[in-house]
Amino acid sequence: MKLPFLITMGIYLVIMLAVGIRDCRRRENFVEYAVAGRSQGTWTVIMTLLATVLGASTTIGITDTVYSIGFPGIWWLLFGALGLILQALFLSEKVRGIGADTLPHLAEIIVGKSASRLLACMIVISWIGVIAGQIVAISGLVTFATGSGSKVLMVIISAIVILYTALGGQFSVVKTDKIQLVVIVAGLLITCGYLYFTKEGAAGDAMSAVEFFNESYSAKNLLTQLFIIGGVYFLGPDILSRNFLSKDERTAKKSAWMAGIILAAVALIITLIGIWARLYVTPEQLEGQKTLLYLAGIVPKGIGIILSLGLLSAILSSTDTCMINAATILTRDLFGKREVKWVRIAVLGIGATATLFAVLGSGNIISILTGAYSIYTPGVIFPLLIAILCYKKRGIRKGIWLTAVICGGCFGLAGTFLSEQLLSLGLTEGIVSNLPLIGMGVSLVIALLSVRWGDSSALRASE
C-alpha cells in the first residue's frame, strides 16, 4: 500500500492546502475568519459538525471498544447523538441568539469576565494536548500505511494542517471538513459493505451479537457515559463552536437535530465493523494492532487506501477545528485581541507547540495537558447550562458560580490523576471511579445556589 497511499495522500493534502491558500486574502475580517462570518447554512453546519465529532477516538477508538466489549460499545456515539438532539431541543437557538464568538465569550456575556478567563485557560491548555495526541495518531496511521515510521512525514502533514488552518481560518476548516466527512463516511461504508457482503461475514451473525448490556458493560457504565459523554456533545466546546457558525437560530437548531440522527446511523456502521472483527479476527491476529488499521490491511488495496484516507480525514478534521478554536480563544478571550493576524500567529504557535510534543514523544506532557480537559464535563456542563437557561431571566452570583466550576473540575481531575493515591487513603473503588459523576452532581448543586431565586429581571452578572 506504500506508494499508492503516499501518492493519494499527497494529492489529498495538496487539495487541503489549496483551500487555505484560496481563502487567505479573502478572510481578513475577524468575524469571517474566526466564525466563518456566522453565515453558514444547514448542510454546511451539519457536515462540519459531523466531521468534528468523527475524530480518531470515535472511529479507531470506538471500533477497538466494540472489539473488546461487544455491541454495547455503540453507546458512546448513541449518547453523543442524544446530546446533539437534546441541544437542538433546549439550547441551540438560545446559544446562537446570544451572538458569541467562542464558548468563553458566551460565558463572559452570561456570567462575567472571570468565567471567560477560567474556561479559556482550561480549553487552550487541554487542546494543545488533544492536538498533540492527534498528531501522534497521524504518525501511527502513516507507519501502518507505509510500513515504516517517519517523524519527518508526520511533521510535513502537521505543517500542512497548521498552514491551511492559519491561512483560511474557519472558512477553510469548514470547506475541508466537507471533503473530510465524505472521505470518512465513504471509507467506513465501503469497508462495512465489503466485510459483510464479500468476505465471510454474515448479517445474521452480527444480529446475533446485538446486546446493549453484558458482563463488560453494566447499567453503571451506562449512567456514567450518559452524563460524561452525552454532556460533552450537549454542551462541549467543539460542538458549540459549530453553533456559532450558523447563519441564524433556526439553522443552529436544525443542524444539531439532523447531525444527531446521522451520527446515530454512523454509530451503527462503526459498531458493525467492530462486531465483524470481534467475530472473525482473533487477538493473536491483531497482535496489539488497532482494529480498523488491521482491517485496512486485509481488505483489497483500493478499499484499504480509502479507509486509511478516511481515518486520516477523521484525525485532520478534529485537529484543524481544535487549532482554530484554541487560537481564537487564546487571542480573543485571554489577550483581548480581535485581529486576524494575531489569530494566525496563535494557530502557528499552538500547532508548532503540539507538533513539538508529538515529535519528542512527550507522552506524559500530552496526557497531563489532555487531562486538564477532564475538568470540563464535571465542572462546566451543569453550571454553564444553568447560566444559559437563566440568561436575561435571573441573575447569577458570579463567585458561587465559579466555585461550582472549580469544585466540579477538582473532582474530575482527582479521578483522572489521583485515583491510586485516593485508594491508598481508604476510599473505595466505587467512589474513586465515579468521581467525575460525583463532581457533576456537586457542580449542579452549587450552580443552583448561584442563581438569585426570585429575581425576575434580566441581569448580567457584573464584575
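**Exercise 1. Work out why α8 and α9 count as oblique to each other.**

Start with what is being compared: helices (H or I, at least four residues) are DSSP runs, numbered from the N terminus. Axes are lines fitted to C-alpha atoms over the stretch in contact, with angles from 0 to 180 degrees between N-to-C directions.

Step 1. The axes of α8 (residues 113-146) and α9 (residues 151-197) come within 9 Å and cross at roughly 130°.

Step 2. Under 35 degrees is roughly parallel, over 145 roughly antiparallel, 65 to 115 roughly perpendicular, and the rest oblique. The pair α8 and α9 is therefore oblique.

Step 3. Contact (heavy atoms within 4.5 Å) joins Ile135, Ile138, Ser139 and Val142 of α8 to Leu153, Met154, Ile157 and Ser158 of α9.

A word on the source: this is a predicted model, where local features need pLDDT of at least 70 and side-chain atom pairs count only at pLDDT 80 or more, while totals for chains, interfaces and linings use all residues. Residues are numbered from 1 along each chain as its sequence is written, and side-chain values use heavy atoms, leaving out hydrogens and water.

**Exercise 2. Find how α19 and α23 are oriented, and which residues meet.**

Step 1. The axes of α19 (residues 376-390) and α23 (residues 435-449) come within 7 Å, crossing at roughly 30°.

Step 2. α19 and α23 are therefore roughly parallel to each other.

Step 3. From α19, Thr377, Pro378, Gly379, Ile381, Phe382, Pro383 and Ile386 meet Pro436, Gly439, Met440, Ser443, Leu444, Ala447 and Leu448 of α23.

Notes. Helix = DSSP H or I, 4+ residues; strand = E, 2+ residues; numbered from the N terminus.
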